[in-house]
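Have a look at the sequence and the fold, then read on.

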Amino acid sequence: MSMASLYRRSLPSPPAIDFASVQGKAKTINALGFPWIDLKIFNEALQKGTMEGFFRLISHFQTQSEPAFCGLASLSMVLNSLSIDPGRKWKGPWRWFDESMLECCEPLEIVKDKGVSFGKVVCLAHSSGAKVEAFRTNQSNIDDFRKYVVKCSTSDNCHMISTYHRQVLKQTGTGHFSPIGGYNAERDMALILDVARFKYPPHWVPLKLLWDAMDSIDHSTGRRRGFMLISRPHREPGLLYTLSCKDESWISIAKYLKEDVPRLVSSQHVDTIERILYVVFKSLPSNFNQFIKWMAEIRRTEDVNQNLSSEEKSRLNLKQELLKQVQETQLFKHVEKFLSSVDYEDNQPYVAAKAFAQEAEIVSEIESDESCCRETCVKCIKGVGEEKGAVIAYPSGNDVFTALLLALPPETWSGIKDQSLLQEMNQLIFMVSLPTLLQQEVLHLRRQLEMLKRCQENKEDEVLSAPAYA
């Protein structure tokens with residue numbers, strides 16, 4: 001039986017004290033256990049409040065697992081520091097960012113051999129659900145860079161990754177990525193938390209020297225290096241759905257959705273919404289079931305009552321509300337009607353898609369007593385013995401298909417020749433008519449899809465910003 005996925009646990013406190021909590025920071029000031037830190041420089045920065053980002057980062061500090069994985073290690077460290085849910089499993093049931101999961105924009109074997117460009121790391125950050133501001137040195141200046149360093153150093157909700165040339169710092173090697181862990185204003189020095197800990201420990205460098213090291217050409221792209229600010233969005237995207245690029249199936253799926261679907265609906269006679277859906281789904285690639293994932297949250301009652309933070313409880317409630325909003329759209333009703341009439345037996349893509357989307361991921365040691373129907377799709381989870389599981393809702397195939405159709409760009413349907421049908425389709429997908437929560441989810445999927453397309457076309461180094469949709 002497959003296992004439900006989980007995202008972290010709330011630390012029982014007391015007796016434990018979170019290292020990055022206010023109390024934990026106070027204890028750290030009195031007993032710094034980092035032999036590589038110059039305590040005088042560190043304490044000066046701490047007194048000025050420019051070490052706030054350090055505590056989250058050091059709590060998730062990791063060493064790159066391959067000599068060329070500095071960009072991936074830096075990004076996974078920052079994403080975990082920001083408590084961004086990756087939406088897919090790392091190992092066992094746990095959802096957690098790891099270098100091996102950051103492969104959408106470049107196959108890991110290529111990264112292992114040649115490293116990864118600044119643009120691809122920015123692309124990975126965007127597609128992982130983070131809010132990103134990225135600048136090459138020719139798009140900024142040292143004064144703005146200093147302001148951004150201060151901004152991230154005085155907050156634990158924003159972290160900076162810098163890419164620079166090591167030799168400017170008199171270090172061996174060439175291009176490198178690492179997070180910036182703090183700033184000492186009196187000395188104008190930045191703390192580099194070097195992810196190549198097998199080579200160099202974290203170290204303070206003059207900010208002007210770091211700028212010079214960034215202001216160099218990456219000969220693999222012909223572009224200058226730079227820095228990026230990564231933070232959590234106002235609401236974590238991907239509450240219910242996320243695109244998966246665990247393997248290369250996303251390349252063919254992205255091409256189908258972005259190129260083939262518009263061509264199909266414009267070249268074939270469609271006279272009803274159900275006919276449009278038929279045209280879209282009849283040619284689904286067989287690996288479609290690997291592309292869009294819904295994130296199961298299956299919790300024991302004891303977890304919900306005791307071990308979840310208020311933030312986690314709120315997130316679960318938002319998931320329930322979001323699923324309800326999907327099912328209340330008019331497009332969902334059309335999808336439901338269409339899928340209920342499909343003969344799955346003779347169509348392999350339908351079989352794969354339906355089997356994937358309607359399976360429930362249940363923690364292996366939990367038995368299920370389900371009352372699941374097409375309308376509500378609610379599963380009651382009962383724990384072993386006297387323990388009872390929480391009643392939760394999870395998406396069905398209808399929900400997943402509806403979300404993905406909403407996420408396609410509006411121009412997908414512009415080739416429909418019947419003007420009244422085109423108008424009806426536009427009304428079904430009209431973003432402004434959707435509830436705000438669902439709008440955010442749809443835009444997240446749409447941006448992910450566009451970022452994946454950019455990577456496929458090797459255009460991620462040309463445009464560093466995320467796609468903007470109204």
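## Starting at Gln327

Let's begin with Gln327, which is buried, at a relative accessible area of 18%. Buried here means under 20% relative accessible area, exposed means over 50%, and partly exposed is in between (1.4 Å probe, protein chains only). You'll find Gln327 in helix α12, residues 310-327. Helices (H or I, at least four residues) and strands (E, at least two) are DSSP runs, numbered from the N terminus. Gln327 and Thr402 sit 75 residues apart in sequence, yet their C-alpha atoms are 8.5 Å apart in space.

A word on where this comes from: the model is predicted, with local features needing pLDDT of at least 70 and side-chain atom pairs counted only at pLDDT 80 or more, while totals for chains, interfaces and linings use all residues. Residues are numbered from 1 along each chain as its sequence is written, and side-chain values use heavy atoms, with hydrogens and water left out.

## A mostly covered helix

How many residues of helix α10 are buried? Seven of the ten are, so this helix (residues 273-282) is mostly covered. The buried ones in α10 are Ile273, Glu274, Ile276, Leu277, Val279, Val280 and Phe281.

## Rings that meet

A pair of aromatic rings is described by the distance of the centres and the angle of the planes. Rings of Phe, Tyr and Trp (its six-membered ring) pair if their centres lie within 6.5 Å; planes under 30 degrees apart count as stacked, over 60 as edge-to-face and the rest as tilted. By that rule the count is nine aromatic pairs. One of them joins Phe54 and Phe55, an edge-to-face pair with 5.4 Å centre to centre and 85° between the planes. Phe54 is buried, with a relative accessible area of 0%, and Phe55 is buried too, at 1%.

Then there's Phe145 with Phe227: the ring centres are 4.9 Å apart and the planes are at 55°, so this pair is tilted. It links distant parts of the chain, since Phe145 belongs to helix α7 (residues 142-153) and Phe227 to strand β10 (residues 226-231), 82 residues apart. Phe145 counts as buried because its relative accessibility is 0%, and Phe227 counts as buried at 0% as well. Both belong to one aromatic cluster made up of Phe135, Phe145, Tyr148, Trp211 and Phe227.

A salt bridge is a side-chain nitrogen of Lys or Arg within 4 Å of a carboxyl oxygen of Asp or Glu. The count comes to 15 salt bridges. In one of them, Asp85 pairs with Arg95, the closest N and O atoms being 2.6 Å apart. This pair links distant parts of the chain: Asp85 is in the loop between α4 and β1 (89-91), and Arg95 is in strand β2 (residues 94-95), ten residues apart. Asp85 and Arg95 are both buried.

Glu109 and Lys112 also form a salt bridge, at 3.7 Å from N to O. They are three residues apart in helix α5, so about one helical turn separates them. Glu109 is exposed, at 56% relative accessibility, while Lys112 is partly exposed, at 37%. Together with Glu66, Glu109 and Lys112 are linked in a network of salt bridges.

Over in helix α7, Arg146 and Asp143 are three residues apart, about one turn of the helix. Their side chains meet in a salt bridge at 3.3 Å, N to O. Arg146 is partly exposed at 23% relative accessibility, and Asp143 is partly exposed at 46%.

## The second largest pocket

Rolling a probe the size of a water molecule over the atoms shows where empty space is left. On a 1 Å grid over the protein atoms alone, a pocket is an open set of points where a 1.4 Å probe fits, with protein on both sides within 12 Å along at least five of seven lines; lining residues have an atom within 4 Å of a point. The second largest pocket holds about 620 Å³ of space. Its lining has 32 residues, and Lys114, Gly115, Val116, Asp218 and Ser220 lie nearest its centre.

Which strand gives the most to this lining? That's β5, with three residues.

Conventions:
Points joined across faces, edges and corners; volume = space filled by probe spheres on them.
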